[in-house]
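Please look at the sequence and the structure before reading on.

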Amino acid sequence: MTYTDDEKELLAALDRGEFEPELDQETTINAIKQMALNTTQKQKTVTVSLLENDISRLKAEAVSLGMPYQILMSSVIHQYLDRKL
C-alpha cells in the first residue's frame with residue numbers, strides 16, 4: 001500500500017504517541033455513532049470499489065475520530081442522502 005507524505009506523517013505521529021486528537025472529538029464521535037445507529041434499522045451489505053489512496057485517507061480520518069472506517073463511510077453516505085453534507 002502506498003501512502004502520501006501526509007499519511008506517512010500521521011502514521012509516524014501515531015506510532016510515536018504524538019498524535020493530538022480534535023478538541024471536540026467526543027462530541028463528533030457521539031454524533032457519528034448516533035447517525036450510524038439511526039441507519040441500523042435494516043442494513044444491507046454492499047461491495048464498492050474505491051481507489052487505494054481514498055481508502056487510506058478514509059482509514060486515517062477514522063483513526064483521528066476514534067472509530068472504524070466502515071462506520072465513518074456509512075455516516076458520510078447517510079449525511080449526504082439527508083442533505084447534511
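## Alanine 60 and the model

Alanine 60 is a residue of helix α3; helices (H or I, at least four residues) and strands (E, at least two) are DSSP runs, numbered from the N terminus. With a relative accessible area of 19%, alanine 60 is buried. Buried means under 20% relative accessible area, exposed over 50%, and partly exposed in between (1.4 Å probe, protein chains only). Lysine 8 is 52 residues away from alanine 60 along the chain, and the C-alpha atoms of the two are separated by 10.0 Å.

The model is predicted: local features need pLDDT of at least 70, side-chain atom pairs count only at pLDDT 80 or more, and totals for chains, interfaces and linings use all residues. Residues are numbered from 1 along each chain as its sequence is written, and side-chain values use heavy atoms, with hydrogens and water left out.

## The chain as a whole

The chain has four helices and zero strands. Read from the N terminus, the order of elements is α-α-α-α. The C-alpha trace spans about 40 × 30 × 20 Å along its principal axes.

Of the 85 residues in the chain, 20% are buried. The accessible surface of the chain is about 6900 Å², and carbon and sulfur atoms account for 53% of that surface. Accessible areas come from the Shrake-Rupley method with a 1.4 Å probe; for residues, only the protein chains shown count as cover. Contact means heavy atoms within 4.5 Å. Among contacts between residues at least 6 apart in sequence, 66% join residues at least 24 apart.

## Glutamate 7

Is glutamate 7 buried or exposed? Glutamate 7, which lies in helix α1, is buried because its relative accessible area is 6%.

Leaving out residues up to four places away in sequence, glutamate 7 touches Thr2, Asn53, Ser56 and Arg57. For glutamate 7 and asparagine 53, the separation is 46 residues in sequence and 9.7 Å in space, C-alpha to C-alpha.

## Isoleucine 32 and serine 75

Isoleucine 32 belongs to helix α2 (residues 25–38) and is buried, with a relative accessible area of 8%. Residues up to four places away in sequence aside, isoleucine 32 touches Leu65, Met67, Ile71, Leu72 and Ser75. Leucine 14 is 18 residues from isoleucine 32 along the chain, and their C-alpha atoms are separated by 22 Å.

Serine 75 sits in helix α4 (residues 69–81). Serine 75 counts as buried because its relative accessibility is 1%. Which residues does serine 75 touch, not counting residues up to four places away in sequence? They are Ile32 and Met35.

## Charged side chains

Side chains of opposite charge can pair when their charged atoms come close. A salt bridge is a side-chain nitrogen of Lys or Arg within 4 Å of a carboxyl oxygen of Asp or Glu. How many salt bridges does a search of the whole structure find? The search finds two. One joins the side chains of arginine 16 and glutamate 18, at 2.7 Å from N to O. Glutamate 18 counts as partly exposed, at 46% relative accessibility.

Another salt bridge joins the side chains of arginine 57 and aspartate 54, at 3.9 Å from N to O. These two residues are three apart in helix α3 (residues 52–65), so arginine 57 and aspartate 54 are separated by about one helical turn. At 36% relative accessibility, aspartate 54 is partly exposed.

## Rings and a surface patch

The charged end of lysine 59 sits over the ring of tyrosine 69, 4.9 Å from the ring centre. A charge sits over a ring if NZ of Lys or CZ of Arg is within 6 Å of the ring centre and within 35 degrees of the ring normal.

Methionine 1 is placed in the segment before α1 (5–16) and counts as exposed, at 60% relative accessibility. Together with Tyr3, Leu11, Leu14 and Val63, Met1 forms a nonpolar patch on the surface, and the accessible area of these residues together is about 430 Å². Patches are made of residues with over 30% relative accessible area and no salt bridge: like charges are joined within 9 Å, nonpolar side chains (Val, Leu, Ile, Met, Phe, Trp, Tyr) within 5 Å.
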